[in-house]
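Today I am looking up aromatic rings and what surrounds them. Here is the structure I have open.

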Amino acid sequence: QVQLVESGGGLVQAGGSLRLSCAASGRTFSSYAMGWFRQVPGKEREFVAGISWSAGNTLHADSVKGRFTISRDNAKNTVYLQMNSLKPEDTTVYYCAAASGGWGNLPPTFPLSYNYWGQGTQVTVSS
């Protein structure tokens with residue numbers, strides 16, 4: 001079992017910044033591809049960013065490119081999502097996800113490509 005514990009969410013004004021953290025258990029964290037998703041109630045979970053096990057491959061959704069940056073520190077078993085220039089439309093619950101063994105042939109943007117999920121952390125951006 002892999003446990004993902006998210007932190008860093010909160011309330012921020014438009015234009016501000018937050019850094020989300022996702023701490024993962026397990027000694028094989030470095031082999032996990034990781035992703036961040038967000039989900040508004042009643043809508044499908046939306047891909048935000050993904051990072052390969054080696055950190056050599058990162059993906060960011062068009063809606064957050066230039067504003068959000070995913071990174072990882074395998075020594076700390078932690079994945080980060082640095083969120084800058086936040087907009088009110090970024091308001092929702094953000095989830096950390098892990099794909100044990102990497103993405104393989106599965107698309108990183110699909111929730112079903114991941115087999116472990118965090119509990120979610122709320123991000124609220126006021127105007």
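Before I start, one cut-off for my notes: I call a residue buried under 20% relative accessible area, exposed over 50%, and partly exposed in between. I also keep in mind that this is a predicted model.

Entry, ring pairs. I searched the whole structure and found four aromatic pairs. I looked at F37 and F47 to begin with: their ring centres are 5.6 Å apart and their planes stand at 75°, so I noted the pair as edge-to-face. I then checked where these two sit. F37 belongs to strand β4 (residues 33–39) and F47 to strand β5 (residues 46–51), so the pair ties together parts that are ten residues apart in sequence. Buried or exposed, I wondered, are F37 and F47? Both are buried.

Entry, Y114 and W117. This aromatic pair is edge-to-face, with 6.1 Å from centre to centre and 65° between the planes. I looked up accessibility for each partner. Y114 has a relative accessible area of 5%, so I put it down as buried. W117 has a relative accessible area of 28%, so it goes down as partly exposed.

Entry, the cluster. Which residues do ring pairs link into a cluster? I wrote down F37, F47, Y114 and W117.

Entry, a charge over the rings. I turned to R45 and found it over the face of W117, at 4.6 Å from the ring centre. R45 also lies over the face of Y95, where I read 3.9 Å from the ring centre. My note to keep: W117 pairs with Y114, and R45 lies over the face of W117.

Conventions:
Residues numbered from 1 in each chain as written. Predicted model: local features only at pLDDT ≥ 70, side-chain atom pairs only at ≥ 80, totals over all residues. Heavy atoms only, no water. Phe/Tyr/Trp six-rings, centres within 6.5 Å; stacked < 30°, edge-to-face > 60°. Helix = DSSP H or I, 4+ residues; strand = E, 2+ residues; numbered from the N terminus. Buried < 20%, exposed > 50% of the residue type's maximum accessible area, 1.4 Å probe, protein only. Lys NZ or Arg CZ within 6 Å of the ring centre and 35° of its normal.
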